Amino acid sequence: MGKHTATPWHVSHAHESRPWTAIGSADLSAAWVGRFTTETDAEHIVRCVNTHAQLLEALQAIYANGGAATNEMLISARAALAAARGEA
């Protein structure tokens, strides 16, 4: 499997035919990756993509520690969950 478009992704209101788009480049000029009918859907997809690595890293650290989470791991996991929920 190839590499995905680099993060962070962004939401743009680019054109009437595709009202909300997910853009996979910092300058919003390239790597159009999807179109959505609502801004909420676009923001959800972008948030999922942008927080995936943080969530994966937090879970891998806990798993590598035999399932026991240290306080530092829990802090990282809470931050990752907050980011994924759009609270960060």
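## A buried threonine

T51 counts as buried, because its relative accessibility is 7% (buried means under 20% relative accessible area, exposed over 50%, partly exposed in between, with a 1.4 Å probe and protein chains only). T51 lies in helix α1. Helices here are DSSP runs of H or I with at least four residues, numbered from the N terminus. Apart from its neighbours within four places in sequence, T51 is in contact with A83 and A84 (contact means heavy atoms within 4.5 Å).

This is a predicted model, in which local features need pLDDT of at least 70 and side-chain atom pairs count only at pLDDT 80 or more, while totals for chains, interfaces and linings use all residues. Residues are numbered from 1 along each chain as its sequence is written, and side-chain values use heavy atoms, with hydrogens and water left out.

## Helix α1

Helix α1 covers residues 39–64, and at 1.5 Å a residue its 26 residues should span 38 Å; the end C-alpha atoms are 37 Å apart, which agrees. The expected span is 1.5 Å times one less than the number of residues. At T51, α1 bends by about 45 degrees, the bend being the angle between axes fitted to the seven residues ending there and the seven starting there.

Besides T51, the buried residues of α1 are A42, V46, A58 and I62. G66 follows α1 and has a positive phi, near 75 degrees.

## Helix α2

The 15 residues of helix α2, residues 71–85, should span 21 Å at 1.5 Å a residue, and the end C-alpha atoms are 21 Å apart, which agrees. Buried in α2 are M73, A77, A80, A82 and A83, and the buried residues of α2 pack against α1.

L74 also lies in α2, but L74 is partly exposed, with a relative accessible area of 33%. The C-alpha atoms of L74 and L59 are separated by 9.7 Å, and the two residues are 15 residues apart along the chain. After α2 comes G86, whose phi is positive, near 85 degrees.

## How the helices pack

The axes of α1 and α2 are 9 Å apart, and the helices pack at an angle of about 160 degrees. That makes α1 roughly antiparallel to α2 (angles over 145 degrees count as roughly antiparallel). Residues of α1 making the contact include R47, T51, Q54 and L55; among those of α2 are M73, S76, A83 and R85.

Definitions and conventions. Helix = DSSP H or I, 4+ residues; strand = E, 2+ residues; numbered from the N terminus. Axes fitted to C-alpha atoms, helices over the stretch in contact; angles between N-to-C directions. Parallel < 35°, antiparallel > 145°, perpendicular 65-115°, else oblique.
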